[in-house]
Amino acid sequence: MALLHRPGRPAPAGRPRRLARTAAALAATLALLPALVAAGGASAQEVPAADVDVHVNTQAALGRLSDTARGVNAAVWDSHMNDPEVAALMKTADVGAMRYPGGSYADIYHWETHTAPGGYVAPGTGFDAFMGTVRATGAQPILIANYGSGTPEEAAGWVRYANVTKNYGAKYWEIGNEIYGNGHYGSGWEHDDHADKSPREYARQVRAYAAAMKAVDPTVKIGAVLTAPGNWPDGITGEGDPGDWNHTVLSQVTDVIDFVTVHWYAGGSDTSADTAMSRLTRLPGELREVRAQIDRYAGADSPRIGIALTEVNTNTGGAQLTARPNGLFAADAFMTALENGVFNVDWWNTHNGPGAITTVDGETDYGDMGMLASGSCTGDVCQPAPNTPFHPYYGMKMTGELGTAGDTMVAAASSAQDLSAHAVHRRDGRLSVLLINKNPDAARTVDLAYAGFSPSAAAPEVSRYARGDSDITDVTDSGASASRVTVPPYGMLTVTLTPKSGTGPGASAAGIAGTPRLEAVTDTTARLSWAGTTGAARYLVQERDGAHTYLVGETTGTSVTLRNLPPGSTHTVNVLAADSAGRLAAPSDPLTFTTGTPADAACTVDYHRDTSWGNGFVATVSVRNLSDTPITGWTVDWDWPTDGQSVSSGWNATFHQSGRHVRVTAPENAGPLAPDGASTASFGFVGANDGPNPDPTVFRLNGTVCAGG
């Protein structure tokens, strides 16, 4: 977390008091009982007509679930951090990672003395006690080395104690927490004793930490701190810096790090979880931009560097933090991040302490960012007993119903904005689909359709978490079928189907092809290669468009060149091996790549972002004509990579934007663009971005694709 968190006021002796539901809330609950019965009980009622379509494609793999996929944060100021109930609850939810010693506290915490000068350290929260909880959970630790007030030598000593003395096998080590919040950009919540607080100094220190820590244990994985694109201070260049935080750090550390960490809080002026759920649509673009930044500086080594989302929640304060909608957000956020290239997602926090007390969906919301109650009070309102799960815990637990380590996430698309769909093809051939109904007032009846999967005639297994459920509930006898289910309002269902006998990847004699690699790319071609597999007679290369796929290449070898691709276009592909009978194995992990611009173009465009401030920027664009004839009356066109980008105002040209498309027209008094690059037309604009702000990939001068961009 950005701010230092202190434990809430302890609860009075005895059982904590609970707020009674109001009569209005009780009436609302009773009014929804028919929908709950229809969705959860063995009802003979006819299933209503579908109002949502969900398409699942098992031939479009989004990646494998890692053993650290689901994680939580733990903090040394949390006196309940190592309660036995915590390990039991997290083990039940298939938690595979636990992060320590707790957000910003990491930069004041000294592991050997178990002290945090200026902060509070609760009894029984030392490193060995924490590792006892980690091992009881069956998880792995993610440890934050003290950057703010520590040294590389102190961090190396921690590695030695953890992995040599105690043989804990601690694999993942972050270097500091939110170091970009050290005051370098004008706002400072993160402790940092370094005289130089620039990203250059952080990068230099990351190299020193990595060298010292890997000298003790070469197998440890070192993580560098980045800021999430589109979130402060992304895009801001500090005084004397060559670029913003991410670009400066990555330009210097990709050869010594193994992963990067980002934090994501939905935020916004409206801090409700309902708004946060809608803001989740920005997360895929932000994670793609993180990967693009790593690609830029790591090149062919980029796939080796992972991305961890080590803090996530709706907001950093306010309401709807323990309420039902934040449970829906948790399930949606975990899966959205994992489907978009993250190997680990850690909820902030295990326990956090109460804040503002409100009523949400007829229940008390304690304004607590924790998954579990701490038993503390705000005024005369007290939480339930310590370690009582809040709704976000059940949201995370529901993703465990969907799949476990080694299972394959596959594409799923919903026709309704208020119903999210996620799918996992399990190693045993079953298919699980998670449906999240974010509508508080209406049940949604869903028609399910499949590509690459044929369900058997057996009734699906169904798990539900909705109003009236005290835990995830087995409702297999609810009348749901492989083709139609009804999801209660503000509820979640996981539907698990068995494959028809003799179908699916298990029926193929071919194994899974290796993840494709980009060997070479031009403006219109891409050469891909992959590791072959046993039993393969040929390989199909399929491109994904949402949850749909189409064939773009086929070969009996292990490489292919894709042709006639649009310049500056982005593509995501999987490779599927087919056996001699044509039966397809499971798809490879995906590869995403972007084509370039022509080297021999008749024009060049230089797009330069002059300054940025998080949600806005100023850019200058320069155009040259390289043809042998002058151009009079020019236009320049481009498309923004994300929906949140726009031109607010500009100069030296006329600007028009429709959707993502921008057209810039020369001013009436503009002279011709001279041939052979002899003159330059320049214009500038003030832009806005709501989310990530990647540069456009291709520019056209009077319809002709230009070099540069």
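A disulfide is taken here as a pair of cysteine sulfur atoms within 2.5 Å. By that criterion, a search of the whole structure finds 2 disulfides. The model is a predicted one, in which local features need pLDDT of at least 70, side-chain atom pairs count only at pLDDT 80 or more, and totals for chains, interfaces and linings use all residues. Residues are numbered from 1 along each chain as its sequence is written, and side-chain values use heavy atoms, with hydrogens and water left out.

Burial is judged by relative accessible area: buried means under 20%, exposed over 50%, and partly exposed in between (1.4 Å probe, protein chains only). C377 counts as buried because its relative accessibility is 6%, and C382 counts as buried at 1%.

The other disulfide joins C603 to C706, with an S to S distance of 2.0 Å. Its S-S torsion is about -95°, so the disulfide of C603 and C706 is left-handed. C603 lies in strand β29 (residues 603-612) and C706 in the loop between β37 (704-705) and β38 (707-708), so the pair ties together parts that are 103 residues apart in sequence. Helices (H or I, at least four residues) and strands (E, at least two) are DSSP runs, numbered from the N terminus. C603 is buried at 1% relative accessibility, and C706 is buried at 0%. With bonded cysteines counted along the chain, the disulfides follow the pattern 1-2, 3-4.

Next comes the core. A nonpolar core is a set of buried Ala, Val, Leu, Ile, Met, Phe, Trp, Tyr and Cys residues joined through side-chain atoms within 4.5 Å. The largest such core has 112 residues, and F130, W173 and Y202 have the most contacts inside it. Helix α10 (residues 324-339) gives the most to this core, with 9 residues. Contact means heavy atoms within 4.5 Å. Leaving aside neighbours within four places in sequence, Y202 is in contact with Y147, I175, I179, G223, A224, V225, W245 and V249.

G138 follows α4 and has a positive phi, near 85°.

Helix α9 (residues 283-298) has 16 residues and reaches 22 Å from its first C-alpha to its last, close to the 22 Å expected at 1.5 Å a residue. The expected span is 1.5 Å times one less than the number of residues. The buried residues of α9 include E286, E289 and Q293. Among the elements covering the buried residues of α9 are α7 (245-253), α8 (273-279) and α10. Just after α9, G299 takes a positive phi of about 60°.

Finally, strand β18 (residues 461-465) is mostly covered, with 4 of its 5 residues buried. Two strands pair if DSSP finds at least two bridges between them. β18 pairs with strand β21 (residues 491-497) in the antiparallel sense over 5 bridges, and M492 in β21 is the bridge partner of Y465. β18 also pairs with strand β19 (residues 473-474), again in the antiparallel sense, over 2 bridges; there, T473 is the bridge partner of R464.
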